Amino acid sequence: MGRSTEVAQAVKLITEQAARESLMPNSHRWPVKVPLTQLADDLAHGHAKSLLQFIAARASDSSDVNITPQDLREWLATFPWLLLLDGLDEVPASSNRDQVLSAINEFLMDVDEISADVMLIATTRPQGYTEEFSPSNFMHLELKPLGKERALHYAGKLATARHGADSERSTRLMHRLNQAAEEVSTARLMSSPLQVTIMAVLLDRMGKAPKDRYTLFKDYYRVIYERELEKEGAATNLLRDHRADIDTIHADVGLLLQTRSERSGDTESRISIEEFSTIIRQRLESEGHAGGSLNSLTKSISLAATDRLVFLVPSRAGEVGFEIRSLQEFWAADALMSASDEEVRDRLSLISSSSHWRNVFLFAVGKIYAERRHLRDSVTAVVAELNIHTKDPQAPTRRLALGSRLALDILADGMVKAPKHEAVLVDQAVKLFGLPSINDIERLVPALSDSGFQTAKGNVENWLIEGKRTSENLLIFLADLTARGDAWAKTTLDTIYAGMDKRAQGRVLGLAFEVSSPELLSVSAERLLDVPIQDLPMFLAARWRRPYSRPLQINAGPTWVSNFISAYEHPSNQGTISPSLVVGGSRLTCNISSFEDHQVWRDIDLNEVPVDHWMHAVKRFHDEPSTTSLKEAAISVNVSGFETLWSNWFLPWPIFAALQDVAYEVTPRDSLGDPSQVGDADIWRQIEASWQEPIPLERLGQSFNLSVRGQLPYLPLSASLGRSFDPPSASGRKGVTSGYLADMALLLSASPRYVRSQIAQLTVSAARVLDRGQVGIAEVESLMRLSEIAMAGLGHVDLSWLTRARKLPKGTGAWLNQALGDNPRSVWMPHAPSTIYREWVNDFSQVELGLALCTSELSAISKGDRGVISREWRKISNSASVDIRHRSAVCLIVSSFEPCRDDEDFSARIEVLTAAVKAGLLDPEYIAMQILLAHDVVQQRFMFSFLDALPELDRDVWEVAMDRLVADETSLPTKVDFTAMRAR
């Protein structure tokens, strides 16, 4: 009863707070939290074979009922879930991260198989994360540092909860926190709720805030220790009389857990009470305790931890650990630092490149800058060595600039105060200007002091004097400085841009959209006038290529640019019509702007646009729609190089429709001014009026021309922004029958060309809701026909339905090979069934099928099939008479699981893969994603050799490759030895 009352009160408080913060959920879901360290350990020890089994065991332990994985599977199919996968960063790649990810992928396949409604949220710190949750399938959200306002808002709630809203203590605390937030050095230590909480605890008892992260955690420990001393009880004497011992015990436990969590099966941060007692005993023995007093003191300290021993708390019955991983890392660093100067240097060098040990390294360096300042030169030496030296002379790892990345982390941590030492680190950090990856450079500007800015500026000037390439990282750095009002950066950026050719200026424009930089857009917006019309959506959507993107400010650049940005980032309902198309038992709904009230053209200011630009013609049509202005606009747009087969939502739809008919050779170009061919404003209004009611697909005119002439409905699907497709209302997983799919294939075969492939793509994509047992031979045959129709259009065709079939008919691979041969294009097949791989392995002449498999998850290939593929590569690797498509597919797939055998094999693979890219057979980004690395120096060289062989590669390819290479190098297990390095 008491527990029920407590739960009800907690729910009430949480609900009230959520309502105040406007965080109330819109739907009910069953919440499941999975600590990934626990899942990793259970998988490693064989206690669980799947994610569902892990959840079932935890649910059974917490109830009076034995819950099985099958029970959960049925519940999964019945009720929506919210699955929180917490702490991927705490399962390092050197442990069994791959096993954990496989379990997650298998669960997602179960979700897909039964069409479950699951919202999945995974959390990780940035270090060591290499997009294991692909941005193609998962939205990535980055927790930005708390700004001053949000930090103080949270601090205010914390102060109120602890001391009451109007208490003198709460007022004093908030005054101190406001002062801390005003100082740059302390404000950066209030960038997360944890840090604000620690800062509040400290300032509640002391007047001055610490100015670096190491001191913040050190003072936090001191304050918590002193607070424990004020309590009455047996533990108080222990804390007072054995502080040095307890400090050392914390350090030993921190180092032990950090060392263990690097290995498979020990990622969870906890040790047994027995192990804990052993650590206590060993410490006390080293201090001379013996006999009965040793036993008594060991037992007392161990017993204290079952309640709380400063930072050490019971994690579950019979186990002890740290509540927060950062506290473990702080004490692991303290243990590593309890050594001679020479040993400290060696230890820092040992862990300097490891992502698992990165926070430990930063805490250790923080202690050096705060307490062992004579070792500061050792820190900069470790950074420099990481950039210059390699353990293997053949290793290309110096090209990864790991030392520069480390220097940036040290600067961003805020521990470096002396200009001399900051300058050395800045000199190393700016070497990132020469790298293709732009994921890190945005952290540089906030990390610099005024002195650091001068050092960085000097490096930029030297960079330009030496004639080095103006890299994207350099441009982003200058743009970030410009955003802070730096006149030198603005002048430098303008000068660099003015000296570029048009192609390079176009790259600046693309970068502006990709990184959402108003400063870069202000410089390069004029180039948007030269962008081919069909490429405009690609530019506007460029920021979604980045895992963590922010909206572009609509006030950047010329005023006309803001109309395009606003229409894309903030679509308006004004002037928008939402027609519905009834397709068999399905309904397709889209959003189309009225040709007379279009969000882009409604109030666009073209004063800065040359009068002969196509935009003026389109604006005249929008403001005064007529057959004459339609012809003028259509011809102007067409002359600019417009490709009408691609979707273009930003043109008034009659212009797009007329040009589409010209492209399909339905309407001659010289008839664009003929009202009988393209209509007039009254006819276009009639077409829009017809969108007020659902339109059966059968009633659509076969073209815009025929719709005008026959007064038939017309739906410019390619001119819409946003579409939804709903299968039959009675379907769900049960109603999408073979009859429905067959009817859709027959219906679409006779449908208008301008909507046919798009509806087929939507139908095929919707087939992923089918249960595996529901997809028989008849359904597969219908889906094959629908896929063929979809492949005749543009865009990616979703072939994930292949995994839903009970059994694929013989020859499915041959069908796909033929379909791709007739319509060479991109397909989306993330997980190909094993039977498809087997068909290709049995007949390597199915070259289109092989190339399609190169985009799938290649780790699913069986061991037996890998052997066949390996033998085929040895047979054809140096045979120029073999079809390059055949060699390309075999080469990439064998390179995904087998290292190069020798120099000859190395050269043959580079030759084939580069030829495949040049011939347009393989996407270089897929190649960079698939090449096996496995901590192999030869494979690292192989990756770089492939990149170097193609000098015109896009930066995206280099970025994918470099991120993989960095992750491969920084996930190597270290040789940290707990026994040799424990605290002294």
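Which helices are among those that cover the buried residues of α20? The cover includes α17 (358-371), α18 (376-388), α19 (402-412), α21 (444-447) and α22 (450-465). Keep in mind that this is a predicted model, where local features need pLDDT of at least 70, side-chain atom pairs count only at pLDDT 80 or more, and totals for chains, interfaces and linings use all residues. Residues are numbered from 1 along each chain as its sequence is written, and side-chain values use heavy atoms, with hydrogens and water left out. As for the labels, helices (H or I, at least four residues) and strands (E, at least two) are DSSP runs, numbered from the N terminus.

**Helix α20 and its partner α18**

- In α20 (residues 419-429), the buried residues are His 421, Glu 422, Ala 423, Leu 425, Val 426, Gln 428 and Ala 429. Buried here means under 20% relative accessible area, exposed means over 50%, and partly exposed is in between (1.4 Å probe, protein chains only).
- The axes of α18 and α20 come within 10 Å and cross at roughly 10°. Axes are lines fitted to C-alpha atoms, for helices over the stretch in contact, and angles run from 0 to 180 degrees between N-to-C directions.
- That angle makes α18 roughly parallel to α20. The cut-offs are under 35 degrees for roughly parallel, over 145 for roughly antiparallel, 65 to 115 for roughly perpendicular, and oblique for the rest.
- On the α18 side, the contact is made by Arg 376, Asp 377, Thr 380, Val 383, Ala 384 and Asn 387, and on the α20 side by His 421, Val 424, Leu 425 and Gln 428. Contact means heavy atoms within 4.5 Å.
- Sorted by class, the residues of this α18 and α20 contact come out as four nonpolar, four polar and two charged. Ala, Val, Leu, Ile, Met, Phe, Trp, Tyr, Cys and Pro count as nonpolar, Asp, Glu, Lys and Arg as charged, and the others, Gly among them, as polar.

- Helix α10 (residues 213-229) and helix α15 (residues 325-337) have axes that come within 11 Å and cross at roughly 100°, which means α10 is roughly perpendicular to α15.
- Tyr 214, Phe 217, Lys 218 and Tyr 221 of α10 meet Ser 326, Leu 327, Phe 330 and Trp 331 of α15. By class, that contact of α10 with α15 has six nonpolar, one polar and one charged residues.
- For α37 (residues 777-791) and α38 (residues 812-822), the axes come within 10 Å and cross at roughly 20°, so α37 is roughly parallel to α38.
- Met 784, Ser 787, Glu 788 and Met 791 are what α37 brings to the contact, while α38 brings Thr 812, Trp 815, Leu 816, Ala 819 and Leu 820. The residues of the α37 and α38 contact split into six nonpolar, two polar and one charged.

**The sheets**

- Three strands form an open sheet in the order β1-β2-β3, with parallel pairing. Two strands pair if DSSP finds at least two bridges between them.
- The edge strands of this sheet are β1 (30-35) and β3 (118-122), each pairing on one side only. Its neighbouring strands are turned by 15° against each other on average, direction ignored.
- Strand β2 (residues 81-86) runs parallel to β3 and is joined to it by five bridges; Trp 81 has Val 118 of β3 as its bridge partner.
- Helix α2 (residues 36-44) packs on this sheet and touches β1 and β2, with its direction at about 65° to that of β1.
- Another open sheet has four strands in the order β11-β8-β9-β12, and its pairing is mixed. Its edge strands are β11 (695-696) and β12 (723-726).
- Strand β8 (residues 580-583) and β11 run parallel and are joined by two bridges, with Leu 581 opposite Ile 695 in β11.
- Helix α36 (residues 753-766) packs on this four-stranded sheet, touching β8, β9 (586-590) and β12.

**Two single residues**

- Ala 304 sits in helix α14 (residues 291-305) and counts as buried at 13% relative accessibility. Leaving aside neighbours within four places in sequence, Ala 304 is in contact with Leu 238 and Leu 309.
- Ser 264 is in the loop between α12 (243-260) and β4 (271-272), and is partly exposed, with a relative accessible area of 40%.
- Not counting residues up to four places away in sequence, Ser 264 touches Ala 44, Ser 95 and Asn 96. Ser 264 and His 45 are 219 residues apart in sequence but 9.1 Å apart in space, C-alpha to C-alpha.
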